[in-house]
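Let's take a walk through this structure together. Have the sequence and the 3D view ready, and follow along step by step.

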Amino acid sequence: MDIQAIPRLNKESSRHTKLVDCDVHVAPVAADSIAAYLPQRWRHHNARFYRTYQGDFYPRRSEYGERFDAWPPSGLRPGADLDFLRKQHLDAWGIDIAVITPITHPSNQANLEFSAALARAMNEWQLEVWLEREPRLRGSILVPTEDPEAAATEIERWAHDHRFVQIYLYAGTLEPIGRRRYWKLFEAAESNRLPVAMHFGAAGPHAPTGAGFPSFYLEDHAGASTMFQDQVTSLAFEGVFVAFPNLDFVLIEGGFAWLAPLMWRLDAAWRKLGGEVPHVDRPPSELLREHLWYTTQPMEEPPNPQHFSAILEQLGGDERLMFASDYPHWDFDAPDSALPTSVTPESRRRIMGANACRLYGLELCTDSKGNG
Amino acid sequence: MMTEGMVRERDLAGLSPTAHVIDTDVHATLPSVEALLQYLPEQWREYVSLWGSTYFFRPSQISYPPGAPTSRRPTIDPNSTGSTASGLAALRRDVLDSWDVSHAIVSCPYFVDMFHNPYVGEAMAMAANDWLLAEWLDPEPRLRGSIIVPASQPAMAVREIERVGGHPGVVQVVLPVRSARPYGNAIYHPIFEAAAAQGLVVGLHHGGWPGNAPTGVGWPSFYIEEWVGRAAHFQSQLMSLITEGVFARVPDLRVALIEAGWSWLPAFLWRFDKDWKGLRRETPWVDRLPSAYVRDHVKLTLQPYDGPSERRHLELLYNQLDSDELLMFSTDYPHWQYDDPADAIPPGLTDDALTKLLYLTAREFYRLEDA
């Protein structure tokens, strides 16, 4: 299927709809591309001792979990060839802005100093190889999640550059993300007005479930929402959004249909056991509705499209849901078919771009009257 | 307060088109380890007495901190552990006699996998089962029993299922929902095979303390997180049972998810079905949509209710469940889930759905004789 030849989105009829893709994966052209940005001490370390300690050790349906048709003619791996990314993805679908999300995370290193060096190198690489060469791209600040003070330093390093629009974590942290040890990171995010985004994936060594290691990738992949549920629970009950009232938190590639049920469950627990967390002074759902954002892919797909509309209603609206394609991975969602046909045009406008414009402060969505 | 509650409970039962109620989750509270001593063989009786009963009591407290509001109804004195006889009397007063209960499924969530010594775990499970049979099922014909097993030692678990699973009052084997490996793993298959061979339901029940962190991201700070997070455990376990082909291997297996909540189920199945379509070549023995296995093999107990408080959202949720045969009524007695008995059942169910919830679904699932 030659998808880049068939741009199925009718740009004429939707010229007011801006298209923002909140999850486009980019990869280095070669194994040592990132190493070139490391100082000598860590370049040596990288060459001799590099390995990851990730727990999500499952084969991913295809090499690197990529779409078979996303291998560029150049022979580079998917997501590594900017020209092909433009042609197959940005141009083909008329994407106005794509937020890039590098395919590995520096927190997959147990050595915290190396993790910090790697984060800095990957951010420099992101800027030089991607953001400076393609104005439609926006970057994600990689941080050494498990050394929050170093993470704060890394955030300060890039916060002035508005091409970086968020701070980027993997969902698989060493401890639940709301715990105090991570608050330095949140402090830096809030004071720099940068959202913190959490993407599917285990950077650390834990089993992906609270019941140990499942046997199959299907469980790792479809079960990822349990990890997100645990992280959102931690954010709610540790009082992160009470302590950081201006912090935005984005859930990427975790699904979102589970969120309304989780909010009901959090509220039910809080009504009974809230005495354990007196710092949470409002129903958790209220806090989450004010601070959480979430992306579409991989969307839960109820067989009955009315049930999808019900999800948005139960979530309290469509103003926090943002389109993501997950290009170039096997479970990619195309912009023209990601949403069920039952979604109204106005809702579609918000989900496909306007919400992301609002969150990330992207100027392209602002009309002449200054309305987002 | 109790009198008023009982009146309200009778009223509620009167509203239903059937007089009968099956309560699928009540608990035999272990008053003390001493209650089990007479059921232990000499070697273990001496061991438990001499080495200190505090250690051996922990499994009954760890998942339900005794002082936590959810662990006991406000009418029950948290400082009084009482006796087995007073526990049974309270169960009769508050549940069996106050609703028109034809049957109640009783379990003792004393999950022995917490003991690092598997032999003492096996002995304590056997004693707890013998105590349940002798002091709860024998004197009270409306009770049906759930036995516990050393789940992390499948050979021992199978022996225990074969030892007491044939007792006419036993209808279920309960496994703690927390485990070191997901229950679909091949090491556990003999447990499911043995349960099905005895005609028993396997119930996954809140609780367990296998030593590994209760989330995929380490240890949370608060009990309230564990309370919420158990829904994620049930999701991981259900996904494992289906993906590993346990239902394909044991076609007449029935699994109850007890105290799991249930508002998460539709979203879980949408995602699971979708991913199965893309990844099913990895597990060719799963030859149907995951949701089809759930509809054929799985039921969930009603309390603790974790659905929305907004009526409109609840109605949408009923539609999303797409079945009125998944839920079974439960009080979760003596744990505290609602103040007013009128709140025991969420509103908005049709008469037909209510009859199924209160009685018919559980009667068929647990193969209980008609009241």
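Two residues are in contact here if their C-beta atoms, placed from the backbone, lie within 7 Å. Keep that in mind, and remember that this is a predicted model.

Let's begin with chain A. Its secondary structure comes to 12 helices and 8 strands. The radius of gyration of chain A is 20 Å, close to the 21 Å that the globule rule gives for 372 residues, so chain A is as compact as a globular protein of that length. Along the principal axes, its C-alpha trace spans about 55 × 50 × 45 Å. Of the 372 residues in chain A, 56% are buried. If you look at contacts in chain A with a separation of 6 or more, 80% of them are between residues 24 or more positions apart.

Now turn to chain B, which has 14 helices and 8 strands. Its radius of gyration is also 20 Å, close to the 21 Å from the globule rule for 371 residues, so chain B is as compact as a globular protein of that length. The box filled by its C-alpha atoms is roughly 55 × 55 × 45 Å along the principal axes. Here 55% of the 371 residues count as buried.

Next, look inside. The largest nonpolar core has 226 residues, and Ile155(A), Met124(B), Ala128(B), Ile148(B) and Leu257(B) have the most contacts inside it. What does Ile155(A) touch, leaving aside its neighbours within four places in sequence? The list is Ile141(A), Val143(A), Ile167(A), Ala188(A), Ala189(A), Asn192(A) and Leu194(A). Ile155(A) is one of the buried residues of helix α4 (residues 148-158) of chain A, which also include Pro148(A), Ala151(A) and Trp158(A). The buried residues of α4(A) pack against α3 (112-131), β3 (137-142), β4 (164-172) and α5 (183-191) of chain A.

So where do the two chains meet? The contact takes 55 residues from chain A and 60 residues from chain B. On the chain A side, α6 (217-222), α7 (224-237), α9 (259-273) and α11 (305-315) each supply at least two residues. The largest share, 9 residues, comes from α7(A). Sorted by kind, the residues on this side of chain A divide into 24 nonpolar, 18 polar and 13 charged.

Zoom in on α7(A) and you'll find helix α9 (residues 223-243) of chain B: the two axes come within 9 Å and cross at roughly 175°. That makes α7(A) roughly antiparallel to α9(B), because angles over 145 degrees count that way. Among the residues that meet here are Thr226(A), Gln229(A) and Phe237(A) in α7(A), and Ile224(B), Val228(B) and Ala232(B) in α9(B).

Most residues other than glycine have a negative phi, and most peptide bonds are trans. The peptide bond from Tyr327(A) to Pro328(A), however, is cis, with omega near 0°. Pro328(A) sits in the loop between β8 (321-322) and α12 (345-360) of chain A. Asp326(A) is in the loop between β8 and α12 of chain A too, and its phi is positive, near 65°. Is Asp326(A) buried or exposed? Asp326(A) is buried, because 25 other C-beta atoms lie within 10 Å. Arg193(A) also has a positive phi, near 60°, but Arg193(A) is exposed, with 11 other C-beta atoms within 10 Å.

Note on methods:
Residues numbered from 1 in each chain as written. Chains lettered and ligands numbered in written order. Predicted model: local features only at pLDDT ≥ 70, side-chain atom pairs only at ≥ 80, totals over all residues. Helix = DSSP H or I, 4+ residues; strand = E, 2+ residues; numbered from the N terminus. Nonpolar A, V, L, I, M, F, W, Y, C, P; charged D, E, K, R; others polar. Core = buried A, V, L, I, M, F, W, Y, C linked by C-beta atoms within 7 Å. Buried ≥ 20, exposed ≤ 12 C-beta atoms within 10 Å, placed from the backbone. Axes fitted to C-alpha atoms, helices over the stretch in contact; angles between N-to-C directions. Parallel < 35°, antiparallel > 145°, perpendicular 65-115°, else oblique. Rg over C-alpha atoms; globule rule 2.2 N^0.38 Å.
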